[in-house]
Amino acid sequence: MNILHNWDTISKYSRCINYHSFKKFPLEFARYMFMLDESERIESPSTDMYKTRKLYGKQLKEATNLKIILPIYSQQYLKYIIATVKENNSKIQIITSRNIYEAIKESTLGNDIKKYRNNGNIRIFVTEEDVHEIFLTITDKGSSISFFYKDDTYDDTTFFWKEKFKSKKKC
């Protein structure tokens, strides 16, 4: 049933999927395509290019437990993540690549990250290989996912948000 359900989800978003790259997409993640099901596709219009970024930050405001696959370095997204820790005393797990981690450490937010790592609020898992081409955030309030274009640039204009994340049984 999961295979059929996942096929429906892929068909529903086929236009979006055709524009994005999945060459580094973790195959084991394919089992979880249901995360897109019943999610809201949020796009930034040309009149508000930062709509998706702002909504991402807004969605994190109430979260207290987050798991993030972070395939990019973005000061704006890091500010949202750190604000969540500051305001909610959140617990965050981040998976990222060595090059992104080094950029984070050297950034103006590096000291905040170090402080919250030492406090036990942030755990960072670093891979030596590039992280998969998905920006995935799972929180106790919902989940979001966004992708990369086929030219390896991050698509900051579209993401999927699912407010009521419910795990489904795995076959």
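This report looks at one helix and the salt bridges of a predicted model.

**Helix α5 and its neighbours**

Let's start with helix α5, which covers residues 98-106 and has I100, Y101 and I104 as its buried residues. Looking down the axis of α5, you'd see these buried residues fall within an arc of 100°, so they line one face of the helix. The general idea is handy here: an α-helix has 3.6 residues a turn, so residues three or four places apart point the same way. What do the buried residues of α5 pack against? Their partners are α4 (75-88), β3 (91-97), α6 (110-119) and β4 (122-127).

**Salt bridges**

Searching the whole structure turns up five salt bridges. Here are some of them, with the distance between N and O atoms:

| Pair | N to O distance |
|---|---|
| R53 and D156 | 2.4 Å |
| D112 and K86 | 4.0 Å |
| E128 and R98 | 2.8 Å |

Take R53 and D156, which meet in a salt bridge. R53 sits in helix α3 (residues 51-60) and D156 in the loop between β6 (143-147) and β7 (158-162), so the pair ties together parts 103 residues apart in sequence. D156 counts as buried because its relative accessibility is 15%, under the 20% cut-off. R53, at 23%, counts as partly exposed.

Next come D112 and K86, which also form a salt bridge. D112 lies in helix α6 and K86 in helix α4, so this pair ties together parts 26 residues apart in sequence.

Finally, back to α5: its residue R98 pairs with E128, found in the loop between β4 and β5 (134-139), 30 residues apart. E128 is exposed at 61% relative accessibility, while R98 is partly exposed at 34%. R98 and E128 also belong to a salt-bridge network with E102 and K105.

Conventions: Residues are numbered from 1 along each chain as its sequence is written. This is a predicted model: local features need pLDDT of at least 70, side-chain atom pairs count only at pLDDT 80 or more; totals for chains, interfaces and linings use all residues. Side-chain values use heavy atoms; hydrogens and water are left out. Buried means under 20% relative accessible area, exposed over 50%, partly exposed in between (1.4 Å probe, protein chains only). Helices (H or I, at least four residues) and strands (E, at least two) are DSSP runs, numbered from the N terminus. The arc is that of the directions from the helix axis to the C-beta atoms. Contact means heavy atoms within 4.5 Å. A salt bridge is a side-chain nitrogen of Lys or Arg within 4 Å of a carboxyl oxygen of Asp or Glu.
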